[in-house]
Amino acid sequence: MSGEPNAPARDFIRDIVAQDGKAGKWGGKVVTRFPPEPNGHLHIGHAKAIWTSYGIAQDFGGTFHLRFDDTNPLKEEQTYVEAIQEEVAWLGCRWDGPVRFASDYFEQMYHYALELIRKGKAYVDDLSVEEIRAYRGSPREPGKNSPYRDRPVEENLDLFERMKAGEFPDGARVLRAKIDMAHVNLNMRDPVMYRILHAVHPHRGDEWCIYPMYDWAHGLEDSIEGVTHSLCDVSFENHRPLYNWFIDAINEGRDEPIHHPRQIEFARYNLTHTAMSKRYLRPLVERGFVRGWDDPRMPTLIGLRRRGYTPEGLRDFSRHTGVSKYPAVFEIALVEHFQRRHLNQIAPRVMGVLRPLKLVIDNYPDGQTEQLDAINNPEDESAGTRKVPFGRVLYIERDDFMEEPPKKFFRLSPGREVRLRYAYFVTCTSVVKNDAGEVTEIHCTYDPATRGGDAPDGRKVKATLHWVSAEHAVEAEVRLYDLLFTKEDPLDVPEGEDWTKGVNPESLTVIPDAKLEPAAAGRAPGWRCQFERLGYFCLDPDSTETKPVFNRTVTLKDAWAKEQKKGTGD
RNA sequence: UGGGGAUUAGUGUAACGGUAGCACAACUGACUCUGGAUCAGUUAGUUAAGGUUCGAAUCCUUAAUCCCCAGCCA
């Protein structure tokens, strides 16, 4: 990322796009696209890829397309074309024009294929899958020509036509490009362009019996749409010569050459403590390690959304991490940083006690209730204030009291005075314990002169505690999430060992009876807030009229927790 | 013993032959009615070895390491 925090993004792709613009390529136009296959949900890795393409279109005043790469009806489903649209829209990326489909270009591609056959650049091959594989050779050994490679053009035309008409069973024949079976790049060894598939396509029904292969289709889709900069994964770097070959072959002898996009590859990335590919995510769902694809622990977009992640935070993460060709591993802390940064600006504050400890103020009038003023968001004055009910019996956080406090523990302990946020100073006078010796209740006195939280005599306290009035408390379920895997690289396991063993057994902690101030009640699912001193939370769709359910999106930074971890707390 | 790419603090990413910078993380400290936020500061880097040059992260050579490629998947 460039030096200034708010400087425009700068990376090698943007440099290329800028150069092309300067050179007047494509009339200075910029068109990018995101081309998902509708066969699964998007994850945070896609989010960055989408933001790269969309962000570049935005930065250069270009347009951005959403196009489904639906060339394999065996693997694709309509539900995903709907889900993915929603996911991209949620991210905040707006595509130009309608949602596009590769399958809308099938006719055009077919005609291009006919042209190649007529030019002697493609042929129908009757070899079986196994034979094709065997004939392909290996990276170190050249392949050999198929015996069908030199079929006359007329025969190829006839056979291809009949393939399209559905005269042959699946797998009987394919159409291949005639390039070079000895090429060092395996992708150039007569790649398959069409295979026979008698399948029902989600978008085209049973119109087609032949379906284009990705390598044949993809470049053409970009060409047809006028995509100028076709951004993709580094693994397609080896395919670029093939895409160029196809377009050049089509353009050979053509009066009006078809558009030739420029493909630029960039590295995909990984995150620490998580796995991203479907291969690893699916078992988590199917074997019940998580509750589903939208489990808030999942790196899927629907999971992160449910957890309370904001698209703005994801966008900032995507932009600030830059683009490169090096297979980067980002620390999950960086993702969280951008979530906190955004949430801090927008999340209204609320007080909630996760592990309640009863606190009784002995000198507070029994039965009295006050409404105290609290600030909704110190980072946003326009968020205003609210009233919080206060009474003689309160709940405070168990962690905020220690009978025998270590040196760096500033919170409540016997004889110590602390502030109850927006309320009063209280001093702990005694504790009540059960038979097991656990503290079940603490007693305090309060100083009426400190109403609102300031002492007129100017005396200071070291800590401010959040609290909830017992009488007014709203009971809620709170789900605390931690790393899905404790290991940085969950896939790095010894030969033969099951990587799912690395799933963090404490990745979910359910608190059934948290106490919240009334302001947290009556909200709609998706509502985000900060529980003061604890973290950012988001109301889950599992909530009912009587029982809200909150997901912890991300914790607040916690200096005390860090101190404890260091073991220097006492 | 094939081809294509890549390598800058702990993690990412700038510097495009001319002072190696930024963010996150870590660590200090200030401030604070959130041990949050904010502010100030510290630690820490060019994969290695040669060469070209007044000057190299940048150009050249060699080596090392990592990623990708033998689907009728995308």
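A charge is said to sit over a ring if NZ of Lys or CZ of Arg is within 6 Å of the ring centre and within 35 degrees of the ring normal. Lys462 meets this description, lying over the face of Phe410 at 4.0 Å from the ring centre. A further case is Lys164, whose charged end sits over the ring of Trp208, 5.2 Å from its centre.

The model is predicted: local features need pLDDT of at least 70 and side-chain atom pairs count only at pLDDT 80 or more, while totals for chains, interfaces and linings use all residues. Residues are numbered from 1 along each chain as its sequence is written, chains are lettered from A and ligands numbered from 1 in the order in which they are written, and side-chain values use heavy atoms, with hydrogens and water left out.

A search of the whole structure finds 27 aromatic pairs. In one of them, the rings of Phe106 and Tyr211 have centres 5.8 Å apart and planes at 80 degrees, so the pair is edge-to-face. This pair links distant parts of the chain, since Phe106 is in helix H4 (residues 106-118) and Tyr211 is in strand S7 (residues 210-212), 105 residues apart. Helices (H or I, at least four residues) and strands (E, at least two) are DSSP runs, numbered from the N terminus. Phe106 has a relative accessible area of 2% and is therefore buried; Tyr211, at 0%, also counts as buried. The cut-offs are under 20% relative accessible area for buried, over 50% for exposed and in between for partly exposed (1.4 Å probe, protein chains only).

Phe246 is placed in helix H8 (residues 240-251). Not counting residues up to four places away in sequence, Phe246 touches Leu116, Ala177, Pro191, Met193, Asp215 and Trp216, where contact means heavy atoms within 4.5 Å. By contrast, the C-alpha atoms of Phe246 and Asp366, 120 residues apart along the chain, are separated by 85 Å.

Helix packing comes next. Two packed helices are described by the angle between their axes and the distance between the axes. The axes are lines fitted to C-alpha atoms, for helices over the stretch in contact, and angles run from 0 to 180 degrees between N-to-C directions. Helix H7 (residues 214-225) packs with H8 at an angle of about 65 degrees, the axes being 9 Å apart. H7 and H8 are therefore roughly perpendicular to each other; angles under 35 degrees count as roughly parallel, over 145 as roughly antiparallel, 65 to 115 as roughly perpendicular and the rest as oblique. The contact is made by Tyr214, Asp215, Trp216, Gly219, Leu220 and Ser223 of H7 and by Leu242, Tyr243, Phe246, Ile247 and Ile250 of H8.

Helix H11 (residues 311-320) has two partners to consider. Its axis and that of helix H12 (residues 332-346) come within 8 Å and cross at roughly 130 degrees, and H11 and H12 are therefore oblique to each other. Residues of H11 that meet H12 include Leu314 and Phe317, and those on the H12 side include Leu334 and Phe338. The axes of helix H2 (residues 44-59) and H11 come within 9 Å and cross at roughly 75 degrees, so H2 is roughly perpendicular to H11.

Most residues other than glycine have a negative phi, and most peptide bonds are trans. Trp26, although not a glycine, has a positive phi of about 55 degrees. Trp26 is found in the loop between H1 and S1 and, at 23% relative accessibility, counts as partly exposed. Arg533 likewise is not a glycine but has a positive phi of about 70 degrees. Arg533 lies in the loop between strand S25 (528-531) and strand S26 (535-539) and, at 31% relative accessibility, counts as partly exposed.

Notes:
Rings of Phe, Tyr and Trp (its six-membered ring) pair if their centres lie within 6.5 Å; planes under 30 degrees apart count as stacked, over 60 as edge-to-face and the rest as tilted.
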